[in-house]
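Notebook open, going through this one piece by piece. I want to look at a hairpin, a chain contact and a helix.

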Amino acid sequence: MSNEKEEQKDGLSRRLFLKRSVQVAAALPIAGAVAEAATPAPAPSAPTKPKMKYLFAERAACTGCRACEYACSQFHEKGVTRPALSRIHIRRYKGIVDVPNICWHCEDAPCIKSCPTTPKAIRKVKETNAIEFIDNKTCLGAKCNKCIEACPPKYLRRNPDTGWPLFCDLCGGDPECVKACNKMAEGELAPTLITKQSGGGVNLTYREVTADEAAESLIQNFYFPNNEGDRR
Amino acid sequence: MAAPKGCYFGKLLDVDLSSGKITTKTLEEKICHDYLGGIGLGAYLLYKELPAKTDPLSPQNMLCVLTGPLNGTACPACRLNVSFKSPLTGIYGHTQVGGPMGNELKWSGWDGIIFRGKAPKPVYLHIYDDKVELRDAGKLWGKDTYTTDEMLKEELQDLDIKTLVIGPAGENGVLFSAMIVDRFRAAARSGGGAVMGSKNLKAIAVHGTKAVPLLNIDAFNNAAKQAAEAARTQEAWDGIKRMGTAVLIENANYNSGTLVTKNYQTSWFPDVGRIGAEEAYRTFWKRNVSCPNCPVHCMKVGVLRNTGFDGLIAEGPEYETGTLFGSNLAVSDFDFMMKAVEYCDAMGMDTISAGVVCGYAMELVERGLLNVEKDLDGIELRWGNGEAVLKALEAIAFRKGKAGAFLGMGTKRMGEKLGGDAPKYAMQVKGQEMAAHEPRGFKGRGVSYALGPRGGCHHEGNDPQGQALWTMIGSAVMCTFIGGVPFNKAKINPQVVCDMLNAGAGWNWTPDVYWTTAKRLITLQRCFNIREAGISRKDDRLPDRFKEPLPEGPKKGQSFSEEDTKKMQDAYYAYYGWDDNGIPTAETLQKLGLDYAVADVVKK
């Protein structure tokens with residue numbers, strides 16, 4: 001984390017900075033992009049408060065509709081519906097429980113710590129709490145497995161085309177998956193995904209629990225299967 | 001001949017199981033445009049490539065596992081369609097199944113799979129995008145559907161594969177066996193499981209990571225959003241969101257008068273409170289489970305506690321399963337009913353047909369046309385005997401003894417075998433057992449049962465145009481809850497589907513094209529049925545029982561008279577441009593672009 005801080009204090013290398021402006025530009029409409037690229041640094045006097053967010057999944061409520069996956073890939077991949085590229089993924093276990101796999105946006109971000117490249121290919125955005133994949137060139141891709149191994153809940157998976165890991169950037173502060181989940185659950189059901197201002201470390205509650213372990217405990221809690229084997 | 005511009009990958013997997021050879025079959029844009037996918041494309045493939053009068057259980061039969069143009073896109077709740085010549089009815093068999101399999105298959109880069117021939121030993125097909133292989137299924141053979149799914153995930157070391165599997169019923173050639181997705185979702189009607197089993201094909205396991213090509217993504221997503229909105233805000237689904245289709249059980253008893261009871265003898269079941277949604281909600285359900293991107297979440301999974309089946313995890317009851325294993329058999333014990341439903345899922349059997357078969361046997365025993373000791377190996381199939389139902393289901397699934405072989409044939413063949421009065425009580429149309437909606441209480445269901453292309457099925461539409469609509473839904477392979485039901489067709493269909501297809505595939509569809517296509521697809525299925533089994537007006541009718549008035553219930557006294565039947569048939573034939581005998585005319589066929597069918601169908 002200290003590295004990260006230093007990096008921010010000293011300012012980034014010229015190359016990285018340019019790269020990032022270009023990335024920001026890509027996400028904005030053209031007119032905005034020109035203005036953004038022309039500004040030397042983000043204005044500190046801007047009235048927007050820092051939007052430190054976390055994402056939380058109430059796993060017991062998930063119905064496995066995967067609307068979040070659809071919304072995620074549509075947001076990040078220019079409208080393309082491709083759950084293989086979604087930053088959130090839902091897995092159904094034994095046909096009876098659904099476990100959302102999400103990035104918990106750990107404060108200490110073990111994935112970033114473990115990244116072996118210099119400069120690091122991943123960073124944490126302080127304003128939004130996003131874990132952001134910054135540099136396609138420095139990332140070693142399929143040759144390296146460090147961040148995937150370091151992730152406590154084993155959430156990370158790779159882009160099947162490029163081999164780069166897929167990180168959750170919280171859509172810049174207003175996650176699409178949460179909106180989709182709330183819409184789908186409207187009325188009769190309870191939503192699974194929640195995003196709020198960061199606080200109390202609630203986002204770290206389940207970070208040591210892998211999806212497989214979560215599935216086991218959910219099955220146990222919902223169905224109490226007895227000793228006569230899996231099906232009964 | 002051009003490849004499709006979007007919505008389709010333009011290729012089908014063509015698997016010859018006899019030789020193990022796997023080839024790619026290209027899909028022309030014109031075929032996609034004219035036959036869409038799912039039901040329609042399946043009918044086209046079978047009509048063109050299946051030799052006439054093929055034995056459904058012979059290696060020559062084709063099993064077409066097909067997606068539609070909207071699978072794998074932002075369109076909500078897409079399903080999977082399987083088409084084949086049905087061993088149960090001898091006519092066109094198609095069946096749709098919810099769950100994630102349809103989308104996963106599409107994401108793997110294939111619009112569908114055609115299976116031909118028969119594998120020398122049990123195999124399953126594994127697809128990982130472009131990597132396709134047939135693998136040995138010796139270890140899986142004989143396992144129930146749930147265990148097969150788990151073993152496949154274990155063997156392939158991949159928890160994200162989606163599977164379509166058959167259980168022991170399919171392997172043993174039970175004529176109403178099903179293919180199961182995700183443990184509880186069944187592609188059940190028409191006996192596809194038996195076709196799959198006859199090919200020694202145990203399962204299909206798919207993992208897909210691609211994206212469906214779309215011509216204009218933004219326009220498509222906007223149209224898809226409208227479809228999702230319409231389904232999400234549909235008030236009629238509020239009850240189904242909360243209680244699944246089981247809400248209809250009580251409603252059918254007290255309100256609509258359509259609750260099938262005691263093999264369709266009446267529509268009034270006093271003990272409905274013990275098998276309905278309230279009971280399930282109070283004692284059974286634990287979770288809501290959903291198909292991909294669906295706002296309705298109609299599946300409810302639960303676990304039985306403190307009963308003889310302690311710890312039994314099952315899905316349902318749904319309206320059909322709950323009614324046919326509950327009131328239809330006069331079983332008022334929730335636990336036995338759920339056990340029967342779960343057992344059918346595990347063994348891979350159609351719960352509708354299995355329920356009707358048990359009810360039929362019970363009525364035959366009651367009337368003295370069937371002997372418990374002599375014909376049923378001592379299985380006491382009498383009204384309300386849940387234990388006997390379970391024994392009967394076990395006998396059917398494993399084809400045990402006389403009872404298993406007899407009951408596994410389906411009601412039509414059972415009646416024919418017994419002769420005498422027995423066929424009168426067989427509740428089937430064209431060999432397909434009818435579902436749990438009493439047509440006397442709601443006459444629209446009569447249209448669906450009598451005139452539906454696959455026989456007595458409740459998913460065919462309740463009036464001529466409704467059938468056109470539902471065929472289109474099945475060809476786009478959407479869910480009927482999303483694609484529209486009769487009372488909201490104006491709201492959702494056909495404009496939204498046209499919008500999606502136009503944006504995705506670059507077509508120029510208007511509602512007119514939509515309805516013309518629907519007529520083409522229904523007529524093509526009819527042509528197939530005429531070619532294979534000489535279907536005509538005489539077959540488009542309900543069992544004679546429905547001419548008698550309902551003895552009790554909210555619709556007491558209503559009947560489905562001969563006049564009703566004639567009126568319904570006439571209206572139907574007129575809508576589709578068929579002649580008085582229910583045969584499409586040469587003129588109609590040419591107008592719909594089905595010239596190739598004229599020679600088979602029109603009498604010179």
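Predicted model: local features only at pLDDT ≥ 70, side-chain atom pairs only at ≥ 80, totals over all residues.

**Entry: hairpin in chain A.** I looked up strand E2 (residues 89–93) of chain A and found that it pairs with strand E3 (residues 97–101) of chain A, antiparallel, over five bridges. Across the pair, Ile90(A) sits opposite Pro100(A) of E3(A). I then checked the turn: three residues lie between the strands, and Lys94(A) has a positive phi near 55 degrees.

**Entry: where A meets B.** I counted residues at the contact and got 28 residues from chain A and 35 residues from chain B. Which elements give two or more residues on the chain B side? I listed helices H4 (145–156), H7 (217–232) and H8 (238–243), plus strands E13 (285–289) and E14 (299–303), of chain B. E13(B) gives the most, with four residues.

**Entry: helix H16 in chain B.** I ran along helix H16 (residues 386–397) of chain B: twelve residues, spanning 17 Å from first C-alpha to last, close to the expected 16 Å. Which residues of H16(B) are buried? I noted Gly386(B), Ala388(B), Val389(B), Ala392(B), Leu393(B), Ala395(B), Ile396(B) and Ala397(B). The buried residues of H16(B) pack against helices H5 (168–171), H12 (319–325), H13 (334–347), H14 (351–366) and H17 (401–407) of chain B. After H16(B) comes Arg399(B), and I read its phi as positive, near 50 degrees.

Notes
Residues numbered from 1 in each chain as written. Chains lettered and ligands numbered in written order. Pairing = 2+ DSSP bridges. Contact = placed C-beta atoms within 7 Å. Expected span 1.5 Å × (residues − 1). Buried ≥ 20, exposed ≤ 12 C-beta atoms within 10 Å, placed from the backbone.
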